[in-house]
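Trainee: Could you take me through one part of this structure closely? I would like to look at the salt bridges.

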Amino acid sequence: MANKNRRNHVKGGGTAMLRGAVLGVVALVLVLLYLGIANNCEELGRQIKAAEQEKADLLKQVATEEQNWAQARSFRNMELLMAQYGIQMDWPQEKDIIRLHVEKPDEAVEYAQAR
């Protein structure tokens, strides 16, 4: 009777099903991993786009403030402000000007400032 049972029994039938299940699980894991990576890439792309927009806005603001500062420091504006507040000023005489000569700093200081 044992011979008869062996003949009717399919060899490797359970292993093929197990291999199919393992391949299905591996495929599912790979798909989920791909979707997770794609989601992370899209999120990083949105963050990069927002950061670039913020950078452009800040550069525009810096340019505006530099222009405002240049106008405020202009010779004409200073004359208007001095006239408005009744300040009488003139350029100093050549003998009243003290000129300073800046010495070149040591190399270690230059290196420290560069970093």
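Mentor: Start with a term. Helices here are DSSP runs of H or I with at least four residues, and strands are runs of E with at least two, numbered from the N terminus. On that basis the chain has four helices and zero strands. Along the sequence the pattern reads α-α-α-α. Keep in mind that this is a predicted model.

Next, the setting. The chain has 115 residues, and 0% of them count as buried. Its accessible surface is about 11800 Å², with 60% belonging to carbon and sulfur atoms.

Now the salt bridges. Side chains of opposite charge can pair when their charged atoms come close. The cut-off used is 4 Å, from a side-chain nitrogen of Lys or Arg to a carboxyl oxygen of Asp or Glu. The count is two salt bridges.

Take Glu43 and Arg46. Their closest N and O atoms are 2.9 Å apart, which is within the 4 Å limit. Where do the two residues sit? Both are in helix H2, which covers residues 13-73. They are three residues apart there, so about one helical turn separates them. Glu43 has a relative accessible area of 35%, so Glu43 counts as partly exposed. Arg46 is also partly exposed, at 47% relative accessibility.

The other pair is Glu94 with Arg99. Here the closest N and O atoms are 3.3 Å apart. Are these residues buried or exposed? Glu94 is exposed, and Arg99 is exposed as well. For that label, the relative accessible area has to be over 50%.

Notes. Residues numbered from 1 in each chain as written. Predicted model: local features only at pLDDT ≥ 70, side-chain atom pairs only at ≥ 80, totals over all residues. Heavy atoms only, no water. Buried < 20%, exposed > 50% of the residue type's maximum accessible area, 1.4 Å probe, protein only. Areas by Shrake-Rupley, 256 points an atom, 1.4 Å probe, with all protein chains shown as cover.
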